[in-house]
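I opened my notebook to go through this model piece by piece. Here is what I looked up, in the order I looked.

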Amino acid sequence: MSDLTVVAGPSSPELAGMVAAHLDAALVQAELRVFSDGESKIRLAGPVGERCIIVQSTHPPTDSHLMQAMMIARKCADAGSKVCAVIPYLAYARQDKAFLEGEVVSIALVAKLLEAAGVSSVVTVDMHSQAGLAHFARIKNISSIPLLAQHAAGMGLARPIAVSPDAGGAARVEEFARLLNTDFVALKKTRDRTTGEVTVDPEIGADVSGRDAILVDDMISSGGSIVKAAGVLKKGGAARVYAMCAHALLIGDAASKIQAAGVQEIVATNSIPGKYARVDLSKALAEAAISLF
Ligand code: R5P
């Protein structure tokens, strides 16, 4: 068999198949059984080669998906493979510092756990912060921005303006705007660290009236940030509001809340499978993974 194997984790079977096809690699399924107490049991459906690329995003059920990634890595490493973990949505990336006294820097722990499980390199997408990346010995952080901007260019937007819901996303939205050949603005968002409640300053800092506004974020989780930002843009007279992101977690009724806030369309990458996964990352992931061996 080929020395290169792609293992399809239970959270990302389709994406794994596409990555394997780009690399002309053997594809092995990681079969999953979940016991009544919630424990995962993994069985690889075939042998693995000397180089192994595991594809497993860690969207909800987050801890189970993370544990499954580690179980697959352990099995491949024990079989003598060098392991690259492709984790397009890497959970815990937002826990990159102790915001309140006593909090755990969980992304540092995740990095150590993956390493202990036998992972020698990681590929991820739009990781939340540089601070988080610093905890990984060997990691490639792919930007989804070029692919999102390419998609946006075909959306028939009228006088578009790119908008970040917060200052933290300013560099991201600047790059998006540059590629779309338009201008951008970053809103001022604050989050109550105890309740999680989000507030967006109504002062936009740009004239959006009559323009199509594209909100660009790394992830949409509860939808709170996009809902508040869309409200501000609508009040500011924006024509149509769109939401684009790398990771559409869209927990609970987030998608309907976003639509109710006047957002025309949600566009995300296929880092997380689902109906909003419209932008394909597989080629970029395959190229990044193979370059890490
Ligand atoms: C925060 O800084 C991130 O960039 C996202 O804006 C945030 O995580 C989105 O979460 P939610 O949808 O729950 O507001």
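My entries on the cores, the ligand, a helix and a loop glycine follow.

**Ground rules.** I am working with a predicted model, where local features need pLDDT of at least 70, side-chain atom pairs count only at pLDDT 80 or more, and totals for chains, interfaces and linings use all residues. Residues are numbered from 1 along each chain as its sequence is written, and side-chain values use heavy atoms, with hydrogens and water left out.

**Cores.** I looked up nonpolar cores, meaning sets of buried Ala, Val, Leu, Ile, Met, Phe, Trp, Tyr and Cys residues joined through side-chain atoms within 4.5 Å. Buried here is under 20% relative accessible area, exposed is over 50%, and partly exposed is in between (1.4 Å probe, protein chains only). The largest core has 30 residues, and Val163, Leu215, Ile220, Leu233, Val241 and Leu250 touch the most other members. Among the elements giving it two or more residues are β8 (161-164), β12 (213-220), α7 (224-235) and β13 (241-248); helices (H or I, at least four residues) and strands (E, at least two) are DSSP runs, numbered from the N terminus. Helix α7 gives the most, with 5 residues.

I then picked Leu215 and listed its contacts (heavy atoms within 4.5 Å). Beyond its neighbours within four places in sequence, Leu215 meets Val163, Pro165, Ile226, Ala229, Ala230, Leu233, Val241, Tyr242, Ala243 and Met244. Another core, of 29 residues, lies apart and includes Cys76, Leu90, Val110 and Phe136.

**Ligand.** A polar side-chain atom of Ser225 sits 2.6 Å from a ligand oxygen atom, a backbone N or O atom of Gly223 lies 2.8 Å from one, and a polar side-chain atom of Lys189 is 3.1 Å from one. The protein covers 90% of the 370 Å² of accessible area that the ligand has on its own (Shrake-Rupley, 1.4 Å probe).

**Helix α2.** I checked residues 62-78: the 17 residues of α2 reach 24 Å from first C-alpha to last, close to the 24 Å expected, which is 1.5 Å times one less than the number of residues. Its buried residues include His65, Leu66, Met70, Ile72 and Cys76. Just after α2, Gly80 takes a positive phi of about 95 degrees.

**Gly169.** I found Gly169 in the loop between β8 and α6 (170-180). Is Gly169 buried or exposed? Gly169 is buried, at a relative accessible area of 0%.

Conventions: Polar contact = N/O pair within 3.5 Å; in protein donor to acceptor, adjacent residues only side chain to side chain.
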